[in-house]
Amino acid sequence: MLADYSRSHDQINEALTTARDAFATGPVKAREALAQAQRQYTEGWQDAAAVCSEVDRAVADSFRKMQEAIDRGDAAEFNVQRQIASKSLLAIAYRNLDAALARGDAAMARAWWPLFVAKFKWDRRPVPAVQMMAQALSDGHKLGQAKGMVKAALVDAFSLKVKEEAMEAVAYGSKDRAVGREKAIEAVVYFGAVDSDIRAKLGVARHQELKDAVHDLYAAATAGNMEQVKALANRIKEMLS
């Protein structure tokens, strides 16, 4: 039986949120919640992460850095690494769904698809890709017909999240540098999930320009250079519009 990845995704994020909330009151509870999240990832996601070993390494690194942040009482670094771990789950999910669509594997697509419907709130409004995917999943022979529309909808959704987080890095960063840094790293991870798709869409040179802007956004947010954060966020929004 295939895992319920949507539920597992929520459980890991709940444990990470518990660790964050416990950070200020005591490191013991924070460590326990972090260990729970890491165990859930190892047991439920690590095999799936074989399709993107670089993302798996990033998640492992983020768990290590969260533990180190708890040890030294660095809440800002903990929250950045928490966002890396959390948003990397979506990158793993996307790579697996993409592979399932390419193979015409309806059972595997069915295991991953609900996560995106929930994450992007596609169950709250009519979305053509959702309607087509519902038909395709009820008849595996139609999966190939749905592949193009579904993939395009997902790339657009991730691209929108990059834009939103970049603009939020401006809005929040002007008041709280640590929160602005969190928003910027979210943009980085969302971009990484669909990096190759954006390259195919924009071309090599324009893709590299956008990639540099996204990573420079995080560097600027970390430094608290809000003038540069704003300029980069506007550039990112323009290039993804």
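What follows is a dialogue about reading helix packing and a pocket in a predicted model.

Me: How is the packing of two helices described?

Reply: Two packed helices are described by the angle between their axes together with the distance between those axes.

Me: Which residues of helix 1 and helix 2 meet?

Reply: On the side of helix 1 they are Y5, Q11, I12, A15, L16, T18, A19 and A22, and these meet K29, A30, A33, L34, Q36, A37, Q40, Y41 and G44 in helix 2. Sorted by class, the residues of this contact between helix 1 and helix 2 are eleven nonpolar, five polar and one charged.

Me: At what angle do helix 7 and helix 8 cross?

Reply: Helix 7, residues 143-173, and helix 8, residues 177-193, cross at roughly 165°, and their axes come within 8 Å. Helix 7 and helix 8 are therefore roughly antiparallel to each other, and the crossing of this pair is left-handed. The residues that make the contact include F158, V162 and Y172 of helix 7, and V179, A187 and F191 of helix 8. The contact of helix 7 with helix 8 holds eleven nonpolar, two polar and six charged residues.

Me: Are helix 4 and helix 8 roughly parallel or roughly antiparallel?

Reply: The axes of helix 4 and helix 8 cross at roughly 20° and come within 9 Å. Angles under 35 degrees count as roughly parallel, and helix 4 and helix 8 are therefore roughly parallel to each other. Helix 4 passes helix 8 in a right-handed crossing, and their contact is made up of eleven nonpolar, four polar and seven charged residues.

Me: What is the volume of the largest pocket, and how many residues line it?

Reply: The volume of the largest pocket is about 310 Å³. There are 17 residues in its lining, and those that lie nearest the centre of the pocket are V55, A58, V188, V189 and G192.

Me: Which helices supply residues of the lining of the largest pocket?

Reply: At least two residues of the lining come from each of helix 3 (53-72), helix 4 (75-103), helix 8 and helix 10 (204-223), while the largest share, six residues, is that of helix 8. By class, the lining of the largest pocket consists of ten nonpolar, three polar and four charged residues.

Technical notes:
Residues are numbered from 1 along each chain as its sequence is written. This is a predicted model: local features need pLDDT of at least 70, side-chain atom pairs count only at pLDDT 80 or more; totals for chains, interfaces and linings use all residues. Side-chain values use heavy atoms; hydrogens and water are left out. Axes are lines fitted to C-alpha atoms, for helices over the stretch in contact, and angles run from 0 to 180 degrees between N-to-C directions. Helices (H or I, at least four residues) and strands (E, at least two) are DSSP runs, numbered from the N terminus. Angles under 35 degrees count as roughly parallel, over 145 as roughly antiparallel, 65 to 115 as roughly perpendicular and the rest as oblique. A crossing is left-handed if the near helix is turned anticlockwise from the far one by less than a right angle, and right-handed if clockwise. Contact means heavy atoms within 4.5 Å. Ala, Val, Leu, Ile, Met, Phe, Trp, Tyr, Cys and Pro count as nonpolar, Asp, Glu, Lys and Arg as charged, and the others, Gly among them, as polar. On a 1 Å grid over the protein atoms alone, a cavity is a set of points where a 1.4 Å probe fits but cannot get out, and a pocket is an open set with protein on both sides within 12 Å along at least five of seven lines; lining residues have an atom within 4 Å of a point. Grid points are joined across faces, edges and corners, and a volume is the space filled by probe spheres set on the points.
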